[in-house]
Amino acid sequence: MTNYTEHPNNITGTFEALTVGWENPEPHPITGQPATIPALLPALRDAIFGGMEKTGGSSFGSRMPIDTGAADLFQQIDEEIAEAWGQAFPNQIPTTERTEALLSAFYAVTRANPTGELITITVKTQKVANLDTLDETWWVETSKEQHTPQSLMKRWMKLILDFFEPPRRREIMHPCVECGKEWLWKHENGETKPYRVFVFEHDMHGNTIRACCLVCGASWGMQDMKELASKMIISRRTAQEKVLV
Ligand SMILES: [Zn+2]
């Protein structure tokens with residue numbers, strides 16, 4: 001079997017995926033189609049304005065973002081790139097604000113040693129507690145993360161790919177083994193519908209990536225599936241015993 005990877009794995013491929021688009025030289029063994037990724041940063045920038053107003057090199061200016069999710073993600077990646085650039089070019093002031101220009105400069109100085117020096121970035125994560133209760137609280141948590149230049153490129157590529165192709169979900173017929181929560185409610189067309197919070201996530205090819213809880217955020221990778229299965233069996237047994245008592 002060919003050692004086929006769907007996505008670029010090295011710093012040059014990921015940089016290309018972010019800026020000019022990328023094509024796998026090996027066609028997919030099953031579909032025979034070459035795997036391609038469009039230029040991701042321009043695609044994300046376009047998505048902010050709903051794909052309209054592609055003309056001109058103007059900055060965001062006074063235009064109104066219509067997709068705030070895309071705008072937030074673009075801003076986050078833009079800040080991380082600026083932060084990484086600042087460490088690759090200490091004591092210098094960026095001469096341009098264009099995200100791709102800073103990224104190109106960062107790539108130019110790090111590609112010779114992509115897994116070398118560690119870069120620190122500030123990562124912001126949206127958190128929520130007590131969802132659907134009177135105490136519902138939202139906040140942004142800030143933490144520092146260290147990455148190699150190559151893993152940073154992969155991170156930005158993956159963030160944008162996930163934005164366009166969010167992992168698909170399949171419900172697990174069981175409460176979360178961590179927090180015990182089983183259902184949440186969504187409002188759709190004037191109706192209130194329950195949905196399960198304990199789910200498997202798939203990538204765009206149907207491969208299971210992980211199991212996770214949408215309430216407490218606990219997550220289990222493929223290597224933890226056995227452990228998760230035994231936890232589910234134990235909690236099911238406990239529940240049955242309670243019924244019997
Ligand atoms: Zn949970």
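**Strand order and helix packing in the predicted model**

An open sheet of 4 strands, arranged in the order 5-8-9-10 with antiparallel pairing, is present in this predicted model.

Strand 5 and strand 8 run antiparallel and are joined by 4 bridges. Within this pairing, Arg168 has His202 in strand 8 as its bridge partner. Strand 8, comprising residues 198-202, also pairs in the antiparallel sense with strand 9, comprising residues 208-213, and this pairing extends over 5 bridges. Phe200 has Ala211 in strand 9 as its bridge partner, and Glu201 stands opposite Arg210, likewise in strand 9.

Helix packing was examined next. Two packed helices are described by the angle between their axes and the distance between the axes. Helix 3 (residues 68-88) packs with helix 5 (residues 149-164) at an angle of about 175°, and the axes of the two helices are 11 Å apart. Because angles over 145 degrees count as roughly antiparallel, helix 3 is roughly antiparallel to helix 5. On the side of helix 3, the contact involves Ala70, Leu73, Ile77 and Ala84, which meet Leu152, Trp156, Leu159 and Phe163 in helix 5. Classified by residue type, the contact of helix 3 with helix 5 has 8 nonpolar residues, with no polar and no charged residues.

A further helix pair is formed by helix 1 (residues 11-19) and helix 4 (residues 99-110), which pack at an angle of about 170° with their axes 11 Å apart. This angle makes helix 1 roughly antiparallel to helix 4. Ile11, Phe15, Leu18 and Thr19 in helix 1 meet Glu100, Leu103, Ser104 and Tyr107 in helix 4. By class, the contact of helix 1 with helix 4 has 5 nonpolar, 2 polar and 1 charged residues.

Methods:
Residues numbered from 1 in each chain as written. Predicted model: local features only at pLDDT ≥ 70, side-chain atom pairs only at ≥ 80, totals over all residues. Pairing = 2+ DSSP bridges. Axes fitted to C-alpha atoms, helices over the stretch in contact; angles between N-to-C directions. Parallel < 35°, antiparallel > 145°, perpendicular 65-115°, else oblique. Contact = placed C-beta atoms within 7 Å. Nonpolar A, V, L, I, M, F, W, Y, C, P; charged D, E, K, R; others polar.
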